[in-house]
Structures are given as C-alpha cells and as structure tokens.
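Student: Hi! Could you walk me through a protein model in plain words? I'm still new to this.

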Amino acid sequence: MLSDPSVKYRPFPQVDLPDRQWPNRTITKPPRWLSTDMRDGNQALIDPMDAEKKRRFFDLLVKVGIKEIEVGFPSAGATEFDFISGLVKSGRVPDDVTVQVLTQSRRDLIERTFESLDGAPRAIVHLYNAVSPAWRKIVFGMSRDEVRQIAVDGVKVLRDEAAKRPDTDWHFEYSPETFSTAELDFSVEVCEGVMEVLRPTPERPLILNLPATVEAATPNIYADQIEWFCRNIRNRDCVVISLHPHNDRGTGVAAAELGLMAGADRVEGCLLGNGERTGNCDLVTVALNMYTQGVNPGLDFSDIDEVVNTVNYCTNLPVHPRTPYAGDLVFTAFSGSHQDAIKKGFAAQEARNDELWEVPYLPIDPKDLGRDYEAVIRVNSQSGKGGVAWVIEQDKGLKLPKRLQAAFSRRVQALADETSRELNADDIWGLFERTYLPSPDDRFALVDYEETGSTGSRVFTGRVAIDGEERSVSGRGNGLISGVIAALRDACGIELDVVDYNEHAIGHGSDVAAAAYLECTTGDGRTVFGVGTDTDIATASVRAVLSAANAV
C-alpha cells in the first residue's frame, strides 16, 4: 500500500446542497421493492441458476411479498430468453406481481426483450446506458450529446415495441447507469430526454433508477445526489425515483436508507445482499431495519431460515453467520455480561404488561423471524453464570438460584477450558447431573422415607443407601429438611447448616415436577449446594439435602 494514497486516489467531491433536508427526515413507510436476485444476483454467480433454481427463487420472492421482480436479461442468450418466456406463459406469475426485464439500449436487444414477454398481462422493461465521464471517455469515446442520444434512441424503440403489443400493460424503467459517479446535471439532462419521448404522467409514471453501480462515496453523498436529483428533475410527480445501491464500501444498506430519506420511492436489491463484487443492497436488512423502528416493510420474513436455506440452495453461496437478522449467530451471546443482560431482559419482558420489545442486545424478537430462544445464549469459555443458567432453564426448566449459578458456572468454565470448544445443552446438562443429581457412585441415595410429628417438631425416618449399604436413619427437627440433616449427623457425622433454600414447579399445569435447591455450610466452613427433583416437593427437598451431603 502507498504511504501517500492521495497520489493515486482522490476524495469524492461533495454535492453543493447547503440546505439539504434528508438529515432531518425519518423513514415512515415502506418503499416499492424490486428484487434483482434473478438478474443482477444471478449474473454474479460462479454457476448461474438453472431453470429449476430460478423457479424456486421466484416462488420465494413471491412468498415473502415482493411485487416487482427483475427476472432476467432475455437478450443475453437462449437460456435466459426461454426461462422468461416460459415463466410468462406458465401462469406462475400472480396477478399482483409484475415481472421486469433488463436490456441495453440497442434496437436488436430491445426487440428480442419484448419478444420474451409476449402474452404477459403486464411487465416492466428496464433500459440502461452508462453516462459517467469515465465511461464516456474510456469505454465509449463519446461526447455527452452522443451518450444522451443512446438513451433517447433506445426509449423510442421501447415506445414503438410496446405499441405493437397493446394487450400488455407496459411500464418502463430507465437507468442512467453509473449515476453515482456522473455529473448530476447530465444525469438530469439524459433522464429528461427520456421523459420527452415516453411522456409519463402521474397516473403512469416512469421509473428512473439512480444506481450506485460502484459505491464510490460515503452514503451521505449518495443521499445528497438523490435529493438534488429529486429537486431538479422536471415533473417530479411523473416519475418514480428508484435506488440501486451496490456495496463496494460496505454501506449499501445505509445508502438505501439515506436515499429513501432523501426522497426516493423504490429500492432495488437482492435478498441477503448477493450481487457482483461485494454485492447489491441487502433487501432483508433494509426491510427488517424498518420493522425494528415500528414500520411495516410490507415483506414477510417470519421464516427467515427458509429464506436463508433457499438462497443458499439456489446460489450455492453460504450466508455468513454474522449476516444481520439472518445469520446463525446474530441472536447468540457467548459473553458472560451479554448473557446476563439478555437473561434479565427476557425476565423483565415476561413481567411487562405491554408488548413493547426491550431486551438488551436483541434489537428484534427472534420469534418474529421464526427463530427459537434456545439458541440466543450459548456457552463457551467466555460465558458467565447468566448464560449457563439460561441454558439450564431453557433446556430443563430449572431456575437456579444466583449463588448456585455462580458455583456451577465455574465448573462449566473449567470444562470449556479443558475441551477448548463451545459447550452445547447436552454437555451442560450432563455436567449438572454428574455434579448435583443422583448417580450410582453417590455416597448417599434415598430409598424411602416418612415424616411424622407435629408442627415445630418433625421426625424424619428413612431408608438411605450409605456407601452402597441400605440403612435406616432418623432425625428430629422443626421441619423436614432439618430432620434429614439431623439424621445424617447422627448416622454419619455429617455437619450441614442451611444458608438458603429455594423451590419451584418445573413447567405449568397440574401434573408437574418440582425442584428444590439448598445452599449449606459444612462443619469446616465450606459452601456446598444440593439439588433435588421429584413429582413431590417434599421428596425433592429430601433429595436436595442428600445432594448437598454428597458434596461434603
């Protein structure tokens, strides 16, 4: 890399718009959405989609609610032409969905494009030509007037070809390609030349698509360009301003959002951001960003995993686990402090009387996207007591007291350090069972018991396996737990003093189990914990005492 990159690269010029309005606006309604997955996304694939994958992708787009779908580039070859023609004739296009096709501004290509749409009830034909200085100078060797004439000549052919097919409801889109790196006044000049030919009206507007073909500046500059264009184009009410941001600087979503604030009406992009180089604007992210601000995007991503799986299958591209909203890990916390905050957030959410979502680290409720809470917190060596407790509660319904959480989490962390990997729910539960619940190797195991006496003076009489030998033990106390502790002290010299006791039902309903938790100090000052479960809460308490005794 150069020590002085300014000798090779220059800063992108600012737009002269001192009274810009977009920074003070918010997005309050969804745009028109156009998916270009089957065209722009498809042409960027190592192995382009075959007909079966295209049909599957088209069905997904329809299912999530996208009403305008760019289905291909029919003049590119027989495969594209045949698919588009077949799609039109198959009846697969719903009445409320409009297909769109792309063509360069050449007569033969435009004519072929219209042929692919024969019989369509309605369609959008999208024509483009590049207008920026680099293209005029390097690629075309043309003047501004010559480039403008390419666009004007092309839309004349659009108009004439549409007139030959009056049974189709035709709509048109024009893109001054490379808009974001072209002179704004020239882009307006070319677009107005197109408008003079097509004569759009407020009732039948022309779509003017303003692409960041290559993202070359910060998104605020793109927003300035969009606002400037909206202010200066004639007959603004006769055009739909469409955005087509790419992601070369990693800010394609931000460019789309700021462009909408700047006055645009429509967004073009791909599900999960597929596209050439670094991809197109990610429609899922833009839509769900709106959703988290209380704006219905008009798209349904309530089964985000189906979207991910279909995109992966059709494109043969992986979806990064950190992809916003859709990645496998976006709702997952490993960090102890994050886990603790999320756990407390869910508890507070459950106690609230309204539906307002307010959980730390989770900008959206995973259930709105069809995700389960079980994967929200996962455990590795970075995890804390809150994360461990969450996994136990979600998996087994046990609500561990805080001090027990801390004690057990140290064991979990030791296991994570030892294995050098993430611990799943089975790992954690297995360790919990070995630590606190009955096993054949325990010194003390309950066989049977009964409790007699009156309030304040209870007698515990039980059959307990001690070191593998079944024995009768008994003890007196002011309650069941103190009676069990007295029996163990008299039979084996075990000294336990109760510090804390907790119990709760596991689950809901009339036929549920119970859990009991005991924190005790031993004769030599150590702290031990016991856990017991049973369909009877009294028996669960006895088991908790024996569990604590096994830890002495």
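This is a predicted model: local features need pLDDT of at least 70, side-chain atom pairs count only at pLDDT 80 or more; totals for chains, interfaces and linings use all residues.

Student: Okay, let's start inside. Which residues of the largest nonpolar core touch the most other members?

Tutor: Those are Leu 208, Ile 226, Leu 271, Phe 301 and Phe 432, in a core of 127 residues. The element that gives the most to this core is helix H7, residues 184–198, with 9 residues.

Student: Nice. What does Phe 301 touch?

Tutor: Leaving out residues up to four places away in sequence, its contacts include Leu 271, Val 284, Leu 288 and Val 307. Asp 368 is also one of the residues Phe 301 touches.

Student: And where is Phe 432?

Tutor: Phe 432 sits in helix H15, residues 425–436. Its relative accessibility is 0%, so Phe 432 counts as buried. Beyond its neighbours within four places in sequence, Phe 432 is in contact with Ile 392, Leu 398, Leu 400, Phe 408, Leu 437 and Val 531.

Student: Switching to helices. How many residues of H8 are buried?

Tutor: 10 of the 14, so H8 is largely enclosed by the rest of the structure. Among them are Ile 221, Tyr 222, Ile 226 and Phe 229, and also Asp 224 and Glu 227.

Student: What do the buried residues of H8 pack against?

Tutor: They pack against H7, strand S6 (206–212), strand S7 (239–245) and helix H9 (252–261).

Student: You said Asp 224 is in that buried set. Which side chain does Asp 224 meet in a salt bridge?

Tutor: Asp 224 meets Arg 20, at 2.8 Å from N to O. Asp 224 lies in helix H8 and Arg 20 in the segment before strand S1 (32–35), so the pair ties together parts that are 204 residues apart in sequence. Asp 224 counts as buried because its relative accessibility is 1%, while Arg 20, at 28%, is partly exposed.

Student: How many salt bridges does the structure hold?

Tutor: It holds 42. Another one joins Arg 371 and Asp 305, again with 2.8 Å from N to O. Arg 371 is in the loop between H12 and H13 and Asp 305 is in helix H11, 66 residues apart. With a relative accessible area of 11%, Arg 371 is buried, and Asp 305 is partly exposed at 29%.

Student: Which residues do salt bridges with shared partners join into one network?

Tutor: That network is made of Arg 144, Arg 148, Asp 185, Glu 189, Glu 192, Glu 196 and Arg 234. One of its pairs is Arg 144 with Glu 189, at 3.6 Å from N to O. Arg 144 lies in helix H6 (residues 144–163) and Glu 189 in helix H7, so this pair ties together parts that are 45 residues apart in sequence.

Student: Last topic: what caps the N-terminal end of H17?

Tutor: Asp 536 does, with a side-chain oxygen 3.3 Å from the backbone nitrogen of Ala 538. H17 covers residues 537–550 and reaches 20 Å from its first C-alpha to its last, close to the 20 Å expected at 1.5 Å a residue. In H17, 10 of the 14 residues are buried, so this helix is largely enclosed by the rest of the structure. Val 542 and Ala 544 are among the buried ones.

Notes:
Residues are numbered from 1 along each chain as its sequence is written. Side-chain values use heavy atoms; hydrogens and water are left out. A nonpolar core is a set of buried Ala, Val, Leu, Ile, Met, Phe, Trp, Tyr and Cys residues joined through side-chain atoms within 4.5 Å. Buried means under 20% relative accessible area, exposed over 50%, partly exposed in between (1.4 Å probe, protein chains only). Helices (H or I, at least four residues) and strands (E, at least two) are DSSP runs, numbered from the N terminus. Contact means heavy atoms within 4.5 Å. The expected span of a helix is 1.5 Å times one less than its number of residues. A polar contact is a pair of N or O atoms within 3.5 Å; within protein, one must be able to donate a hydrogen and the other to accept it, and residues adjacent in sequence count only if both atoms are side-chain atoms. A salt bridge is a side-chain nitrogen of Lys or Arg within 4 Å of a carboxyl oxygen of Asp or Glu.
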